[in-house]
Amino acid sequence: MGLLHRLYARAAPEVWETETRLLHVLRLVRRPVAVQWIVTAACDLHCPHCYSSAGKRVADELTTEEAKRLIVDELVALGKPVLVLAGGELLLRRDIPEIVAYAAGQGLDWAMHTHGGHVPKFRSLLARHPPALAAISLDGERAQHDLFRGKRGSFDAALAAIRVLKETGCREVVAGTTVTRQNADRVADLFPVVAASGADSWGLHLFAPEGRGAEHMALFPTPAQLRRVAAFARRKRAVFHVELCNEWGSAGADDRYYRDQPFLCGAGRISCVIGASGEVLPCTTTDLSESEGNLRDRPLREIWARGFTRFRRAGHGECSDGKECWLQTRNGNACREQAFGCSRRVG
Amino acid sequence: MIRTIRGLAVWVAAAWVVLGLVRRIVRGEVVVLSAHGAPVVRLLAIVLVFLASCAEKLRPGAPAEQTPQDLSQKPAGATPGPAPVVEVAQEFPDDLDDAALQRMYNWVEARTLHHYFASERPDAAAGDVRDAPAGSAQKLPFMTGLAGDAANERAAVFIRGVDEHVARGPVHAAADLLALLDAAEGVPLYDEWLAAHLWRHARTLRPAPVALLARIERHLRVTHALVLGQASTGPVEFSAWRSKAGPPPGWNRMRVPAGLAAAAREAFKQGADAGTWETEAALELTVARGEVVLVRRAVETRLAAGAPLRLRRLDVVRAPAAAALRHPLLGELALPAGAEVTAWTVGERLGAAGRAAVQARVSAALAGDAAALTELEGLLPAAHAELRAAAGSKPSAPGAAALRMLLVGFDE
């Protein structure tokens, strides 16, 4: 495995694309590594960058029994990828303890993306079945975070959630910041907050004009901001586990300065997203025209095996070329060029 | 006979696999890859990529492979000088093997060394760099499990060095800083933050501590080589996969992958530079008049009028006789005979017009002007003092946070 990794590391994006095409020719598909389920569209915050336009619960959300049967059981059959619970705010769903307990009983590892406000109420669940990973949103210092999230106290709640998760045995707590035009120039001020929060790492996401974000295109950072945040992240990796998330795209050979593993777009290849009402999507978009089918109509195994062909057959050009994030590509944002294209030498 | 049967069985099995595959392709069936099959397909992909790259290289008219940058190369217009000023080794450390690296990463956990120098504040234009008065070296993870063997003895020397360093306050002689670096490397401990910390403490030393700067550069080259090494061996620290997959139960956070020391040594040999200390926060100048001496890695290079000069944070420029440097935006910087310039002090050499240009941009950036902020990125050595003063005097101004972010680019 070590030798394979070293050979792979020399040209990871090329090998990844070749492997993807090879699998397609051989009529094989990879097993998913992670499947994200938008457990509910309900959320008690109203963030302008929300990719899922969360707010009110939608009428036809999957029921508890459907979640167990159509998601958990299917994931077991698919080789037990990580079940990532997201939202909306997942902890607003009352049956979450039951679903988590069922998934854990089936041997599934689970992860969660939350704003953190309700985490302390679930302390006993988290202690019984600690998630392998929990990502807590932290978009700025107190005033900025609360303003952005539209609720006073959400900053303190996020920090409290990080503490509870560490105390209850979560193996990896990630503080997640979505970089927008409003906070891009303030990440240096946020850094000490994150470093002192108890989080194991800091994931810098990039605003994507998806969901409600599409109504706030002006939140997309300027090219200069992208470059500065990328340079900042690179420097801070010397003192904290900072990682540029996938939306930034690939920095090519310089990826090693921004993340631990080279950028690879996993949409429809090793990961997918299940919407609140059972639609299976390549990534975190609410655009139902991207759906490969609904769990209520076809089992996840079948959708996974037969769907997402455009992600698997082409690679270059059609959906993601191994360099750009698919979400950003479909929105026409060449983030990679802007963030890394001219960051190597400033001065 | 047995060999024949075995050979036949292999052929039958292979034919069975091929037939099954053809049948699936014809029928359009898709199968989810098994855990055992995944490495085989990956190996096949690696071989295909390797063959494709070989074919590309053999193609007539294919561009020659780029060789790593030769960092010893002199700038255009340079003439050799009496080099080196002092002997400072620039080799990869002999004692840095995988076991030593594992010890190092276990001891300092993940990038936590800076916690023990807690409240360093390079905040004032006057340049006061302070550490926490209560040296917290007692809490260093190094302390746990010290058993008295040679490696731990060296760790204890470093801990004492940290205590003394913190107790000494903001003012340090070059020899003291060098001693702390020696103690760290003796452990062995290579840490980018520590190197930057020592560089910040060296800011007020006159003349500039050439040997210390060269040692810091070598230290940074080793840390950079370790980053490059991890790109080929895999990371030391667990990486949450795309914020989705967490570590398996019982995962040891710090796990040095086999061969990391060798990979880092190779990267160093191939010319690993000091990372952002090489590429960023430098000032692009030209020698306008006279001749200057650039001291880089403790090696002197004489630069005549007209020669480009890239002043990095680890460089020293000396003027044996009166000379001048020029910056396209900031104008001329006069250097009297015997003058010395570093990234910390180059701003002091600006003329009135240059000073005004910097101040105008700093004021505009403080007010939130994005264009001025971008321009300042290229002027950090000349503008850092004004940036500090502006961000310090109006910390809540619209652009103050962005100025603080730019300063990270200079200080770290």
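In chain A, helix H2 (residues 12-25) has 14 residues, which at 1.5 Å a residue should span 20 Å, and the distance of 20 Å between its end C-alpha atoms agrees. The expected span is 1.5 Å times one less than the number of residues in the helix. Helices (H or I, at least four residues) and strands (E, at least two) are DSSP runs, numbered from the N terminus. The model is a predicted one, in which local features need pLDDT of at least 70 and side-chain atom pairs count only at pLDDT 80 or more, while totals for chains, interfaces and linings use all residues. Residues are numbered from 1 along each chain as its sequence is written, and chains are lettered from A and ligands numbered from 1 in the order in which they are written.

Several residues of H2(A) are buried, including A:Pro13, A:Val15, A:Trp16 and A:Leu23. The buried set also takes in A:Glu17 and A:Glu19. A residue is called buried if 20 or more other C-beta atoms lie within 10 Å of its own, exposed if 12 or fewer, and partly exposed in between, with C-beta atoms placed from the backbone. Just after H2(A) comes A:Arg27, with a positive phi of about 55°.

Chain A as a whole contains 13 helices and 10 strands. Its radius of gyration is 19 Å, close to the 20 Å that the globule rule gives for 347 residues, so chain A is as compact as a globular protein of that length. The radius is taken over C-alpha atoms, and the rule is 2.2 Å times the number of residues to the power 0.38. Along the principal axes, the C-alpha atoms of chain A fill a box of roughly 60 × 50 × 40 Å. Of its 347 residues, 58% count as buried. Among contacts in chain A between residues at least 6 apart in sequence, 74% join residues at least 24 apart; a contact means that the two C-beta atoms, placed from the backbone, lie within 7 Å.

Nine strands of chain A, written 9 strands in the order E8-E7-E6-E5-E4-E3-E2-E9-E10, form an open sheet with mixed pairing. Strand E8 (242-244) and strand E10 (280-281) stand at the edges with a single partner strand each, so one side of each is left without a neighbour in the sheet. Two strands pair if DSSP finds at least two bridges between them.

A:Ala111 stands opposite A:Leu133 in E5(A). Of the 5 residues of E5(A), 5 are buried, so E5(A) is largely enclosed by the rest of the structure. Both of its faces are covered, with A:Leu133, A:Ala135 and A:Ser137 buried on one side and A:Ala134 and A:Ile136 buried on the other. Helix H7 (residues 154-167) of chain A lies across strand E4 (110-114), strand E5 (133-137) and strand E6 (172-179) of chain A, and runs at about 170° to E5(A). Axes are lines fitted to C-alpha atoms, for helices over the stretch in contact, and angles run from 0 to 180 degrees between N-to-C directions.

Chain B has 13 helices and 10 strands. Buried residues make up 41% of its 412 residues. One open sheet of chain B has 4 strands in the order E6-E3-E8-E9, with antiparallel pairing. Strand E6 (308-311) and strand E9 (331-335) are its edge strands, each pairing on one side only. The twist averages 35° from one strand to the next. Strand E3 (residues 283-289) and strand E8 (residues 323-327) of chain B run antiparallel and are joined by 3 bridges, with B:Leu325 in E8(B) as the bridge partner of B:Val287.

The two chains also meet. In this contact, 62 residues of chain B touch 70 residues of chain A. Helix H2 (residues 37-58) of chain B gives the most to the chain B side, with 9 residues. By class, that side has 37 nonpolar, 12 polar and 13 charged residues. Here Ala, Val, Leu, Ile, Met, Phe, Trp, Tyr, Cys and Pro count as nonpolar, Asp, Glu, Lys and Arg as charged, and the others, Gly among them, as polar. Strand pairing crosses between the chains too: 2 bridges join strand E1 (residues 28-29) of chain A to strand E1 (residues 31-32) of chain B, and these run parallel. In E1(B), B:Val32 is the bridge partner of A:Val29.
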